[in-house]
Amino acid sequence: QVLLVESGGGLVQPGGSLRLSCAASESIISINTMGWYRQAPGKQRELVARISSGGSTYYVDSVKGRFTISRDNAKNTVYLQMNSLKPEDTAVYYCHVDAWLGTVLYDYWGQGTQVTVSS
């Protein structure tokens, strides 16, 4: 069962834009934080941006001012608007959600979507 469905990756030229979407299954309730990680070849996975249930946001320094994270709670969906893309943004982007089940916080991961920034 696929619980997180990502879309929106692809190939874009430097300076271009992409919008990633991640829809969580309706079976995931009590969603807490939603976010995006990325992993470039030979590098560790890093947190790119996250948004809390209350709307507070965090961005890694390298994307501040260029990326915007948002969420639609009615649709269980998180978005990542990526502008002014750079070659160093090239990576597989993974959606992450944590959700409460009783008093336990569970982690959910998407399958990853490739973002390639190249001329």
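Strands are DSSP runs of at least two residues, numbered from the N terminus. In this predicted model, Ser56 is placed in the loop between β5 (46-51) and β6 (57-59). Apart from residues up to four places away in sequence, Ser56 touches Arg50 and Ile51. Its C-alpha atom is separated by 25 Å from that of Gly9, 47 residues apart along the chain.

**The four-stranded sheet**

An open sheet is built from four strands in the order β1-β3-β8-β7, with antiparallel pairing. The edges are taken by β1 (4-7) and β7 (67-72); each has a single partner strand, so one side of each is left without a neighbour in the sheet. From one strand to the next, the twist averages 15°.

Strand β7 runs antiparallel to β8 (residues 77-82), and six bridges join the two. They form a hairpin with four residues between them, and in the turn Asn76 has a positive phi of about 55°. Two of the facing positions can be named: Phe67 stands opposite Met82 in β8, and Arg71 stands opposite Val78 in β8.

In a regular strand, side chains alternate between the two faces of the sheet. Strand β7 has a covered face made up of Phe67, Ile69 and Arg71, while Thr68, Ser70 and Asp72 make up the uncovered one.

**Residues within the strands**

| Residue | Relative accessibility | Class |
|---|---|---|
| Ser21 | 17% | buried |
| Leu80 | 0% | buried |
| Arg19 | 46% | partly exposed |
| Tyr106 | 37% | partly exposed |

Ser21 belongs to strand β3 (residues 18-24). With a relative accessibility of 17%, Ser21 counts as buried, because the class covers values under 20%. Setting aside residues up to four places away in sequence, Ser21 touches Val5, Glu6, Ser7, Trp36, Val78 and Tyr79.

Arg19 also lies in strand β3. At 46% relative accessibility, Arg19 counts as partly exposed. Beyond its neighbours within four places in sequence, Arg19 is in contact with Ser7, Gly8, Tyr79, Leu80 and Gln81. Arg19 and Leu105 are 86 residues apart in sequence, and their C-alpha atoms are 28 Å apart in space.

Leu80 sits in strand β8 and is buried, its relative accessible area being 0%. Residues up to four places away in sequence are again left out of its contact list, which holds Leu18, Arg19, Leu20, Trp36, Val48, Ala49, Phe67, Thr68, Ile69 and Tyr93. Among these contacts, Phe67 and Ile69 are on the covered face of β7. The C-alpha atom of Leu80 is separated by 8.8 Å from that of Cys22, and the two residues are 58 apart along the chain.

**A nonpolar surface patch**

Which residues make the nonpolar surface patch of about 270 Å²? The patch is made by Leu101, Val104 and Tyr106. Of these residues, Tyr106 is found in strand β10 (residues 104-109). Tyr106 counts as partly exposed, with 37% relative accessibility.

Definitions and conventions
Residues are numbered from 1 along each chain as its sequence is written. This is a predicted model: local features need pLDDT of at least 70, side-chain atom pairs count only at pLDDT 80 or more; totals for chains, interfaces and linings use all residues. Side-chain values use heavy atoms; hydrogens and water are left out. Buried means under 20% relative accessible area, exposed over 50%, partly exposed in between (1.4 Å probe, protein chains only). Contact means heavy atoms within 4.5 Å. Two strands pair if DSSP finds at least two bridges between them. Axes are lines fitted to C-alpha atoms, for helices over the stretch in contact, and angles run from 0 to 180 degrees between N-to-C directions. Patches are made of residues with over 30% relative accessible area and no salt bridge: like charges are joined within 9 Å, nonpolar side chains (Val, Leu, Ile, Met, Phe, Trp, Tyr) within 5 Å. Accessible areas come from the Shrake-Rupley method with a 1.4 Å probe; for residues, only the protein chains shown count as cover. A salt bridge is a side-chain nitrogen of Lys or Arg within 4 Å of a carboxyl oxygen of Asp or Glu.
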